[in-house]
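Let's take a friendly walk through some charged side-chain contacts. Have the sequence and the 3D view ready as you read.

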Amino acid sequence: MKRCFCVISRFIYISAERNKGASLVSNVSRYYSGSAAAKTRSDLRWEESKSSDSQKWSRLEHKGPYFAPEYDPLPDNVPFYYDGRLLKLSPATEEIATFYAKMLDHEYTSKEVFQNNFFTDWREEMTDEERKLIKTLSKCDFSHMHKYFVEKSEERKNMTKEEKQVLKEESSRLMEEYGFCVLDGHREKIGNFKLEPPGLFRGRGEHPKMGKLKKRIQPEHVTINCSQDSKIPEAPAGHRWKRVQHDNTVTWLASWLENIHGRPKYIMLNPSSKLKGEKDWQKYETARQLKVCVNAIRKQYKRDWTSREMKSRQRGVAIYFIDKLALRAGNEKDEESADTVGCCSLRVEHISLHRRLDGLEHVVEFDFLGKDSIRYYNKVPVEKQVFKNLKLFIKHKDPEDDLFDRITTINLNKALNECMPGLTAKVFRTFNASTTLQDQLNKLTTEDMTVEEKILSYNRANRAVAILCNHQRAAPKTFEKSMQILQEKIQKKKEQIEEAKKELKEAKKAHKDAPSDKSKKLVEKKEKLVQRLCEQLKKLQLQETDREENKVIALGTSKLNYLDPRITVAWCKKHNVPIEKIYNKTQRDKFTWAIHMTDENFQF
């Protein structure tokens, strides 16, 4: 691949030099200043440049995280039985028992892995006396606890308007106190200021750690990050922070290690903040840069398929899969993680080769667990040389051996970065997702469509991306019920149309028999009613189609993470579709930069 790297890198460098001034600050600033809207103080934060690339801020002040309330013990009339015997649990043991009790009607608690992990972690938190008594999960009776929480849930649903208002006001108070920070003189919203309460880890798919205890986060676990000249947040009474640091090269406000995987977690700025907007813009600009050299990269990885060096052949095939199928690169994991893989970590057992299948030649059948234990299953015809190479790669290997045993994610991304600064396997995923959306929108949208038809076209374009990126979900539990309600509405609307048509026919007959201004107006009124009801029926039928097509597809993931929002904004402006029909408030806040800087002529 290196034969093309110098040429492409030089081209990118020249292009970058020509557009040196086209930073996020100047781009957003240009659109903001050109807008008719009044410029607020928060808008001005986009126009301020950083003092260096590594420095993210000059001054940062905040109140620290909001900790989950302490455990409130169950009333005495909510018993726990073990092997038919009433037991009074210690507060710590009882709290963990409530986590399980709340989930009794969930499929997780029927899984052996979940049960075993929960019981093991629960016993570790018991007193010595409790541990001697409670030895088998099947003898534990959580039903009374479960019934108590179901009743509490019903009480919350049936709260009066006044009671709900009290909760709303308390939530607003917490948001005002903890939900904002001051960054370089501007008030910025914080994304996740409330620390997650303790509970049981669920994971996705068949995660091996499901059911393990997520322990309560204490101030002693938390590192605070703020500027040296700011007021340091006060730890809750009787506690102290693990550490206070003043690192302006990172954007997080607080950090701690979660106990399930031992990984750091962070309190970050809200997606609508300036720093997040800059990062988003840069991500999509890097993906757009790939357009310039993607053809050269594709020519090179095809040449690598016939290289004398096995490493080059494997790299060429891996990049082909990442490009063609939008596969994730895959990362090394510890042994306790779920058995999920990406392109570079595929094993021989994850593919099957078919000389001919379903009338197609050189078909590769993929079957493996991807990110979040989501199954990736696909049958794809590939180029003949790729098929030959795969046969070579699996020769004399066992099913559990690595398919690409000469390459790793690190050296693959290093090779891509030499091809284009900032290029990684993930950039290919963003590039192909955004390109697919743009192409599909151009094909599926016509000017004569209604707004509802355009929205259906948008969701179909988004669906094509979600299928490409394997963004699946289980059908919502309420899907069948909601569809039944929708179908009943459709049937009722059809009956209304039939009745309205009948009345229209009678009105026309009456007008024909005895014409008058009154009878003419009645005919016009009935015609408008039929037309309005037909339009309402069409909207309902479009909703039905949309829901059915997307019941097992997660459209939100690609919309938030892989699709350049400027494509959507430009499409909305060009086709007069209200942006609120595509992006909810949270998404509009996240993509404020795109909404302000994009006109209808933008193409990815």
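## Salt bridges in the model

D589 and K585 pair through their side chains in a salt bridge, with N and O 3.1 Å apart. Please keep in mind that this is a predicted model. Both residues belong to helix α19 (residues 585-590), where they sit 4 residues apart, about one turn of the helix. K585 is exposed, with a relative accessible area of 54%, which puts K585 over the 50% cut-off. D589 has 25% relative accessibility and counts as partly exposed, because that class runs between 20% and 50%. Elsewhere, salt bridges with shared partners tie K63, E170, R173 and E177 into one network.

Next, have a look at R187, whose side chain meets that of E176 in a salt bridge at 2.5 Å, N to O. This pair links distant parts of the chain: R187 is in strand β6 (residues 186-189), while E176 is in helix α8 (residues 161-178), 11 residues apart. R187 is partly exposed, at 47% relative accessibility.

Another pair to find is R375 with D367, a salt bridge whose closest N and O atoms are 2.9 Å apart. Here R375 is partly exposed at 44% relative accessibility, and D367 is also partly exposed, at 33%.

| Salt bridge | N to O distance |
|---|---|
| D589 and K585 | 3.1 Å |
| R187 and E176 | 2.5 Å |
| R375 and D367 | 2.9 Å |

How many salt bridges does the count come to? The count comes to 34 salt bridges, taking a Lys or Arg side-chain nitrogen within 4 Å of an Asp or Glu carboxyl oxygen as the rule.

Methods
Residues numbered from 1 in each chain as written. Predicted model: local features only at pLDDT ≥ 70, side-chain atom pairs only at ≥ 80, totals over all residues. Heavy atoms only, no water. Helix = DSSP H or I, 4+ residues; strand = E, 2+ residues; numbered from the N terminus. Buried < 20%, exposed > 50% of the residue type's maximum accessible area, 1.4 Å probe, protein only.
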